[in-house]
Amino acid sequence: MTSPDRFLLAAVMGWPIFQSRSPIVHNFRFAEHGLAGSYVPLAMPPERLEAALRALPTLNFSGCNLTIPLKQDAMRIVDEVDITAKKIGAISCVVVRKDGSLWGSNNDWYGFNHNILEFVPEWRADAGPIVLVGAGGAARAILYGLMERGAREIRLCNRTQARAQTLAQEFAGPINVVPWEQRHDALDGAAMLVNATSQGMIGQPPLDLRLDKLPKSALVNDIIYIPRETPLIIAAREHGNRTITGLGMLLHQGIPAWKAWFGIEPKVTAELRAKIEATL
Ligand SMILES: NC(=O)c1ccc[n+]([C@@H]2O[C@H](COP(=O)([O-])OP(=O)(O)OC[C@H]3O[C@@H](n4cnc5c(N)ncnc54)[C@H](OP(=O)(O)O)[C@@H]3O)[C@@H](O)[C@H]2O)c1
């Protein structure tokens, strides 16, 4: 535990950053644990990222989270990248070590897995085919998370097929790349569907995906959390599927970050969830 005279500091850097709910999450946690501290949003253009990260130790920050578009850039800046972040190819969390050096990790996969497990504790990634739509930064972390849970068949489908092919090669797992035009048919026999594209997010059109071939037994997760329920989540529920929204991915990925920054393991409570949902 930190000494009472120390004011705890962490941040989230992104460009833009106004949409981030992370400050509400982490400042709620300081209050919940009775700790003096602050978590600040920092709008950071990529060209200033290096100077900003290097300033963290001087400013007494324990670390920061990174969001779009900084997760890849940070890989070449920090002093050490942990093995999981290397495999995923992106850093979501930076930790300032005692000697002032910077350590980068990726907690997005943890957030993804634990969000699913919170709602479906008996979830098994090897229960049947999983359709993952999207091949951006988040999809990378999700692929890692699914493979970590023993997924046996992942149907990866992305508008730009070459990106999905690159991921399939890099991850060298049970990944079958499905052409974008075949995405509707790819749902046939699936045990799970995950949307990791930006489609359905506020300001974006819904994901163009017909659910008629999706078994009603399939679990549907959209990692988007603004809006609280995307058109995909609403359509899947109406189709009869069990659904999980994206907010929990954000809430759970903060747990390993807090452990690394402050030596504390926070919980994802109903109160925290309600507090954030009220802002969505
Ligand atoms: N809940 C959480 O904690 C959490 C964490 C991370 C991300 N997210 C959300 O996940 C989403 C993806 O994030 P990211 O970091 O992976 O972004 P990204 O790297 O920019 O990837 C965007 C993905 O969306 C696809 N896409 C964009 N426009 C499309 C369109 N018109 N039709 C079909 N596909 C389209 C892209 O396909 P192309 O390759 O063809 O461009 C790509 O697969 C964002 O909405 C983000 O907010 C949530």
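Around the ligand stand 22 residues, of which A138, N158, T160, R163 and I223 come nearest, a residue being counted as near if one of its heavy atoms lies within 4 Å of the molecule. The model is a predicted one, in which local features need pLDDT of at least 70 and side-chain atom pairs count only at pLDDT 80 or more, while totals for chains, interfaces and linings use all residues. Residues are numbered from 1 along each chain as its sequence is written, and side-chain values use heavy atoms, with hydrogens and water left out.

**Ligand site**

- By class, the shell around the ligand has 11 nonpolar, nine polar and two charged residues; here Ala, Val, Leu, Ile, Met, Phe, Trp, Tyr, Cys and Pro count as nonpolar, Asp, Glu, Lys and Arg as charged, and the others, Gly among them, as polar.
- Two helices, α5 (137–148) and α8 (247–262), each supply at least two residues of this shell, where helices (H or I, at least four residues) and strands (E, at least two) are DSSP runs numbered from the N terminus.
- The ligand sits in the largest pocket. A pocket is an open set of points on a 1 Å grid over the protein atoms alone, where a 1.4 Å probe fits, with protein on both sides within 12 Å along at least five of seven lines, and a molecule sits in it if more than half of its atoms lie within 2 Å of its grid points.

- An N or O atom in the side chain of N158 is 2.7 Å from an oxygen atom of the ligand, which falls under the definition of a polar contact as a pair of N or O atoms within 3.5 Å.
- Backbone atoms also take part: a backbone N or O atom of G137 lies 3.0 Å from a ligand oxygen atom, and a polar backbone atom of S198 is 3.2 Å from an oxygen atom of the ligand.
- Of the 920 Å² of accessible area that the ligand has on its own, the protein covers 79%, as computed by the Shrake-Rupley method with a 1.4 Å probe.

**Sheet**

- Six strands form an open sheet in the order β2-β1-β3-β5-β6-β4, with mixed pairing, two strands being paired if DSSP finds at least two bridges between them.
- Because β2 (37–43) and β4 (80–81) stand at the edges with a single partner strand each, one side of each is left without a neighbour in the sheet.
- Strands β3 (residues 63–66) and β5 (residues 93–96) run antiparallel and are joined by three bridges; N65 has C93 in β5 as its bridge partner.

**Backbone features in loops**

- W15 and P16 are joined by a cis peptide bond with omega about 10°, and P16 is found in the loop between β1 (8–14) and α1 (22–32).
- The peptide bond from I226 to P227 is also cis, with omega near 10°, and P227 has its place in the loop between β11 (219–222) and α7 (231–239).
- N60, a residue other than glycine, has a positive phi near 70° and is found in the loop between α2 (49–55) and β3.

Terms used. A polar contact is a pair of N or O atoms within 3.5 Å; within protein, one must be able to donate a hydrogen and the other to accept it, and residues adjacent in sequence count only if both atoms are side-chain atoms. On a 1 Å grid over the protein atoms alone, a cavity is a set of points where a 1.4 Å probe fits but cannot get out, and a pocket is an open set with protein on both sides within 12 Å along at least five of seven lines; lining residues have an atom within 4 Å of a point.
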